[in-house]
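Please look over the sequence and the structure shown below before you read on. The notes that follow go through a few backbone details and then turn to one strand and its partners.

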Amino acid sequence: MDAMLPFVGTSKKVLLLGAGFVTRPTAVELDKAGIKVTVACRTLESATKLCEGLQHANAISLDVSDNMALEREISHVGLVISLIPYTFHAMVIKAAINQKKHVVTTSYVSDAMMALDQEAKDAGITVFNEIGLDPGLDHLYAVKTISEVHKAGGKINSFLSYCGGLPAPECSDNPLGYKFSWSPRGVLLAARNTAQFYKDGKKETVAGDKLMSTAKPYQIYPGYAFEAYPNRDSTPFRERYDIPEAETLIRGTLRYQGNPAFVQTLRDLGLLSEDKHDFMQNPEASWKDAFSKIVGSSTTTEPDLVWAVSSKTKFADTDEKDRIMAGLRWIGLFSDEKIGSGGNPLDCLCATLEKKMQYEKGERDFVMLQHKFGIEWSDGRKETRTSTLCEYGEPEGSDGYSAMAKLVGVPCAVAVQMVLSGEIKDKGILAPVTPELSEPIRLKLQKDYGIELKEKTLA
């Protein structure tokens, strides 16, 4: 069988670190291509489950913090895929440099990763990053339009890019209009980040404690009620996308209407805090007892809790107050429900939300991504273009992929194949933010997988 494979020899084997929910499409697509995949996870059970039904995959237990064990496994393959938390990537890249083996990740290039650029070049390896959904597909179509406009003599005056991984509208049936395929912690922590962007030629900053309160309605299609708010730091993308002329440049997140105000309330109340409290060390403690102390209520009765909440946050109007209070009640903060383990407000809240906001069997997720380009031509004419992706996942419990897993995992698999086959030759720490790197991947995803953003000229 191996003689028939498109990739042969020991250098055409990969080590896949991680067994999270986006890893299955990566493993499946590589398996279809005949690439031998060793799936490595701390727990052998998770790795074994990921390998089910795959012809060319095997599972191992591996602790990535054991550098000798990590390098030993990397030495057996031609490329390592790091789909574990981004904080481990620099360590994985360092081990790969030592073994002169390529790396692919779906994460943003961190300072710690970029610091290894010269070492990676000296080792002659490709470290390809930011090739999932966001970052990933967003880069491919941003670069496409920007380079087309520049070649035709135009300027990009404004660039707005918003992405949301959400439950399908009919499944958004809880007070946050959101569900979790993985731990809520990362999603809630992101709500605390300071955001920077360019607006009308000025650099603007929104403090993390006010981020959610800046969310505004954002129309993509009239049938969806979205709100949008800025992500972390958009300012480097003037340089990364080669659009120094852009006066407005915002990359942000989409949520369903009402979600940002609810999350802002959780923030205002101290529920996103990681500060340890003695009263939260007992997992048998009730939420109403813990919540009364977090918000400074004199008693655990509902009227006093409601008063304490009202004193710590602002509501746009009475309807919003009623809606958010009902949501806090739904979470169980006024009840005898146990807080569970965690020791601090954020982790106890995450444990509670994880139980209440999972996808049920038959429910599906949904991804919306849109770029909006404000273009000015050399004759002064103005034009607006959009690139839009609207993707629904397969129902939970079916054999199909969720939209998020597909749109992260498949681009990752395509990049892996292109690095192994030599279609991507550049060395060092890379991301698909130039036409030379982005266009071949974009065309392959469009042709072989039907993954593409629909482009329109609005005016």
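In which loop is D242 found? In this predicted model, D242 is found in the loop between α9, which covers residues 237-240, and β12, which covers residues 248-256.

**Backbone angles in the loops**

- D242 has a positive phi of about 55 degrees, although this residue is not a glycine.
- E130, which is not a glycine either, has a positive phi of about 60 degrees, and this residue is found in the loop between β6 and α7.
- E130 counts as buried because its relative accessibility is 1%, and the cut-off for being buried is under 20%.
- The peptide bond that joins D134 and P135 is cis, with an omega of about 15 degrees, and P135 is found in the loop that runs between β6 (126-128) and α7 (137-151).

**Strand β12 and its partners**

- Strand β12 is mostly covered, since 9 of its 9 residues are buried.
- Strand β7, made up of residues 155-167, runs parallel to β12 and is joined to it by 6 bridges; within this pairing, C163 has T253 of β12 as its bridge partner.
- Strand β11, made up of residues 226-230, runs antiparallel to β12, and 5 bridges join the two strands; here P230 has G252 of β12 as its bridge partner.
- In a regular strand, the side chains alternate between the two faces of the sheet.

Terms used
Residues are numbered from 1 along each chain as its sequence is written. This is a predicted model: local features need pLDDT of at least 70, side-chain atom pairs count only at pLDDT 80 or more; totals for chains, interfaces and linings use all residues. Side-chain values use heavy atoms; hydrogens and water are left out. Helices (H or I, at least four residues) and strands (E, at least two) are DSSP runs, numbered from the N terminus. Buried means under 20% relative accessible area, exposed over 50%, partly exposed in between (1.4 Å probe, protein chains only). Two strands pair if DSSP finds at least two bridges between them.
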